[in-house]
Amino acid sequence: MWRLKAKLRPVIVFHFVIHFAFIFFLSWVLLSLLLRFDPVTIIAVGFLLTITSLFMEVMIGSSQVVNHLDPRWLSEASDPVIWALVHGEASRAGIKITKIGVINSESPNALIAASFRGEPILLLTKGLMQRLSYREMRAVISYMIGTSMSGFLVAATMFAGILILSYRLTSRYIESRMGNP
């Protein structure tokens, strides 16, 4: 797990530098050239706006991932077996799963995403639940919970949310250019 966190640091630093360079340039143009602010204020504004934009990406990323997949949320009453399995494995690992969702897809797949509160959200496809046995489901759920403990979940959810957001912003334009209704 510590190797993954060590490999993740350069990615996060690079992502911060890209944001800082862009926002610093905008701050420099607006505050220095137009309003005649001093360089220290410009750097502070650029840094604070960079932190704010990264925080917004983390907040928006998880909601974009979940909204794009449009899951049906499970409760303990609707599927007690999956509910008990997920919460049993999560309690053994020492984490709390806030939501369990089922995606209407026939392909067997599972996804874990970070939520706004930092607790993981587990999403399973309908095909996975129909095709796997109890032991296989337990293995998949244990793996998903293990990946949520790696320290990479928030960053991966943020990057996935950014990719989904760009898809949503451009999908209508691309579809209209291709002639699809």
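Helices here are DSSP runs of H or I with at least four residues, and strands are runs of E with at least two, both numbered from the N terminus. In this predicted model, the protein chain contains six helices and four strands. Read from the N terminus, the order of elements is α-α-β-α-β-β-β-α-α-α. The radius of gyration of the protein chain is 21 Å, whereas the globule rule gives 16 Å for 181 residues, so the chain is more spread out than a compact globule. Along the principal axes, the C-alpha atoms occupy a box of roughly 65 × 50 × 30 Å.

The strands form an open sheet of four, in the order E1-E2-E4-E3 and with mixed pairing. At its edges lie strand E1, residues 72-73, and strand E3, residues 110-114, each of which pairs on one side only. The partner of E3 is strand E4, residues 120-125, and the two run antiparallel with five bridges between them.

The remaining values describe the chain as a whole. Of the 181 residues in the protein chain, 32% are buried, where buried means under 20% relative accessible area. Among contacts between residues at least 6 apart in sequence, 60% join residues at least 24 apart. The accessible surface of the protein chain is about 11,700 Å², and carbon and sulfur atoms account for 67% of it. The protein chain carries 17 positive and 10 negative charges, and the mean positions of these two sets lie 5 Å apart.

Terms used
Residues numbered from 1 in each chain as written. Predicted model: local features only at pLDDT ≥ 70, side-chain atom pairs only at ≥ 80, totals over all residues. Heavy atoms only, no water. Rg over C-alpha atoms; globule rule 2.2 N^0.38 Å. Buried < 20%, exposed > 50% of the residue type's maximum accessible area, 1.4 Å probe, protein only. Contact = heavy atoms within 4.5 Å. Areas by Shrake-Rupley, 256 points an atom, 1.4 Å probe, with all protein chains shown as cover. Lys, Arg positive; Asp, Glu negative; His and termini not counted. Charge placed at Lys NZ, Arg CZ, Asp CG, Glu CD. Pairing = 2+ DSSP bridges.
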